[in-house]
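Could you walk me through this chain in the viewer, one selection at a time? I would like to know what to click on next and what is there.

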Amino acid sequence: DNTYPVYKFVFTSIHPSVGQAFFRFNLSTDSGSNYNVTKTSTHFNVLHTEDDSSTSLSYNTSSDLAQSTSDQTLCNKVGNGNDESASGCLYLFNPSSTTFVKHYISDSNYYHQGGDVSRRDFVAGYGNTTSAIDAVKFLFSSGNIDSGTIKLYGIKDS
């Protein structure tokens with residue numbers, strides 16, 4: 001509904017059942033019957049290895065979407081060890097608008113299972129629809145969400 005102009009999803013200690021899974025989301029305009037909203041996005045990250053041997057800032061073209069209905073990746077290769085997880089937030093702007101496209105931004109930090117790495121990912125894009133978004137799903141690319149919490153907050157204009 002149009003109760004809030006901004007929705008903030010906070011995901012805390014999201015843990016996959018399968019290692020090196022990609023944490024993703026998608027949008028629906030038909031109450032979750034289909035999660036196939038066309039999206040365009042950009043994705044970049046920074047990382048630091050646990051042993052302090054490497055740091056980097058990278059543009060992640062493999063997680064960009066260009067007019068695609070695919071699930072949007074928020075985190076790449078999240079570890080499934082007992083001490084490995086992902087946490088962050090996703091903002092969705094004006095989801096009930098029937099005039100404008102639906103912008104989103106995400107900021108997350110997680111244990112990247114590609115070499116004992118702390119990685120922070122930034123994603124921004126838009127759902128290319130003027131229909132109201134009425135459902136959002138979160139998932140891993142393989143396996144299930146083994147544990148963790150996802151909370152939704154509505155943010156009102158001041």
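A residue counts as buried when its relative accessible area is under 20%, as exposed when that area is over 50%, and as partly exposed in between. Keep those cut-offs at hand for the stops below, and bear in mind that this is a predicted model.

**Whole chain**

Along the principal axes, the C-alpha atoms fill a box of roughly 50 × 35 × 30 Å.

Buried residues make up 37% of the 158 residues. If you draw contacts between residues at least 6 apart in sequence, 75% of them join residues at least 24 apart. Then colour by charge: there are 10 positive and 15 negative side chains, with the centres of the two sets 7 Å apart.

**Aromatic rings**

A pair of aromatic rings is described by the distance of the centres and the angle of the planes. The chain has 9 aromatic pairs.

Select Tyr-4 and Tyr-7, whose rings form an edge-to-face pair, 5.9 Å centre to centre with 85° between the planes. Which of the two is buried, and which is partly exposed? Tyr-7 has a relative accessible area of 13%, so it is buried because that value is under 20%. Tyr-4, with a relative accessible area of 29%, is partly exposed.

Move on to Phe-44 and Phe-122. Their ring centres lie 4.8 Å apart and their planes meet at 15°, so this pair is stacked. Phe-44 belongs to strand β3 (residues 39–49) and Phe-122 to strand β8 (residues 117–127), so the pair ties together parts that are 78 residues apart in sequence. Phe-44 itself is partly exposed, at a relative accessible area of 35%.

**Loops**

Hide the rings and turn to the backbone. Most residues other than glycine have a negative phi, and most peptide bonds are trans. With that in mind, where does a positive phi turn up in a residue other than glycine? Gln-20 is one place, with phi near 60°. You will find Gln-20 in the loop between β1 (6–16) and β2 (21–28), where it is partly exposed at 39% relative accessibility.

Follow the chain to Ser-31, in the loop between β2 and β3. Ser-31 also has a positive phi, near 60°. At 61% relative accessibility, Ser-31 counts as exposed because that is over 50%.

Finish at Gly-115, in the loop between β7 (102–112) and β8. Gly-115 is partly exposed, with a relative accessible area of 43%.

Terms used. Residues numbered from 1 in each chain as written. Predicted model: local features only at pLDDT ≥ 70, side-chain atom pairs only at ≥ 80, totals over all residues. Heavy atoms only, no water. Buried < 20%, exposed > 50% of the residue type's maximum accessible area, 1.4 Å probe, protein only. Contact = heavy atoms within 4.5 Å. Lys, Arg positive; Asp, Glu negative; His and termini not counted. Charge placed at Lys NZ, Arg CZ, Asp CG, Glu CD. Phe/Tyr/Trp six-rings, centres within 6.5 Å; stacked < 30°, edge-to-face > 60°. Helix = DSSP H or I, 4+ residues; strand = E, 2+ residues; numbered from the N terminus.
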